[in-house]
Amino acid sequence: MRMLCVYGVAGAGKSTVSARIEGALTSRGLRVEIVKLALPLYQLQQHIYATAGRDVPLWTHDNDILRSLATHLRRINADFLVEDFLNRVDRSTADVVINDDLRDTLVDYPRLRETGFQFVHVACSDAVRTRRLQARGDVNVVPDSVQSWGFDRISPDWTIDNSTDDSDELDQQIRILLDKWLAQQPPS
């Protein structure tokens, strides 16, 4: 199984890049699964909203709640989120697993690197990120940066610049990345 972690700050386009990578790999005949590290956080957030009498879709972005839940889960068991994630990756029958929601660089990043994930940094200008975040409709937006998440600790294997809305340019960057990545010796 090949594994990619697509990471970057909110609004950079991680989900868009991951979906385009998934489509490009599927067109090459590979089975692809996007596995979210933060799934338990979204499930807990949904439960909190339901407890408060509001139903929200699973992938609702209430960044205050998600960050708070992650902080408390990591205080109780620093390895829980990454262990849960890696267990779900182990159960996958896909040829390629993609993660696009890495946030922790102290515990999760080293474990994903040890497990054989390769890292794609999605870079984006702040002006474009801000516009995308406003259009996305998150419940709330918490300011962040590469430094606030510690992403500067990650050594990316590739970087994609997603500062443009030109989908052809993005697809070209993805094709180049995938050609190089798939030419590498697959993990044993």
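Colleague: What makes the meeting of the side chains of R88 and D84 a salt bridge?

Modeller: This is a predicted model, so every value comes from its coordinates. The N to O distance between the side chains of R88 and D84 is 3.0 Å, and a salt bridge requires a nitrogen of Lys or Arg within 4 Å of a carboxyl oxygen of Asp or Glu, so the pair qualifies. R88 and D84 both belong to helix α4, where they lie 4 residues apart, about one turn of the helix.

Colleague: Why is R88 called buried, and why does D84 count as partly exposed?

Modeller: R88 has a relative accessible area of 14%, and buried means under 20%, so R88 is buried. D84 has 23% relative accessibility, which falls between the 20% limit and the 50% above which a residue is exposed, so D84 counts as partly exposed.

Colleague: What does the salt bridge between R111 and E83 tie together, and how do you know that it is one?

Modeller: The side chains of R111 and E83 meet at 2.6 Å, N to O, and the cut-off is 4 Å, so this is a salt bridge. R111 lies in helix α5 and E83 in helix α4, so the pair ties together parts that are 28 residues apart in sequence. With a relative accessible area of 22%, R111 is partly exposed, and E83, at 32%, is partly exposed as well.

Colleague: Which residue forms a salt bridge with D179, and where do the two lie?

Modeller: The partner of D179 is R28, with the closest N and O atoms 2.9 Å apart. R28 lies in the loop between α1 and β2, while D179 lies in helix α8, and the two are 151 residues apart. Both count as partly exposed, R28 with a relative accessible area of 37% and D179 at 45%. These are among the 8 salt bridges found in the whole structure.

Colleague: What makes the aromatic pair of Y7 and F119 edge-to-face?

Modeller: The structure holds 5 aromatic pairs, and in this one the ring centres of Y7 and F119 are 6.3 Å apart with 70° between the planes. Y7 lies in strand β1 and F119 in strand β4, so the pair ties together parts that are 112 residues apart in sequence. Both Y7 and F119 are buried. Y109 and F119 also form an edge-to-face pair, at 5.0 Å centre to centre and 75° between the planes, and ring pairs link Y7, Y109, F119 and F151 into a cluster.

Colleague: Why is strand β1 described as largely enclosed by the rest of the structure?

Modeller: In β1, 6 of the 6 residues are buried, so the strand is largely enclosed by the rest of the structure. Both faces are covered, with R2, L4 and V6 on one side and M3, C5 and Y7 on the other. Strand β1 pairs in the parallel sense with strand β3 over 4 bridges, and β1 also pairs with strand β4 in the parallel sense over 4 bridges.

Note on methods
Residues numbered from 1 in each chain as written. Predicted model: local features only at pLDDT ≥ 70, side-chain atom pairs only at ≥ 80, totals over all residues. Heavy atoms only, no water. Buried < 20%, exposed > 50% of the residue type's maximum accessible area, 1.4 Å probe, protein only. Pairing = 2+ DSSP bridges. Phe/Tyr/Trp six-rings, centres within 6.5 Å; stacked < 30°, edge-to-face > 60°.
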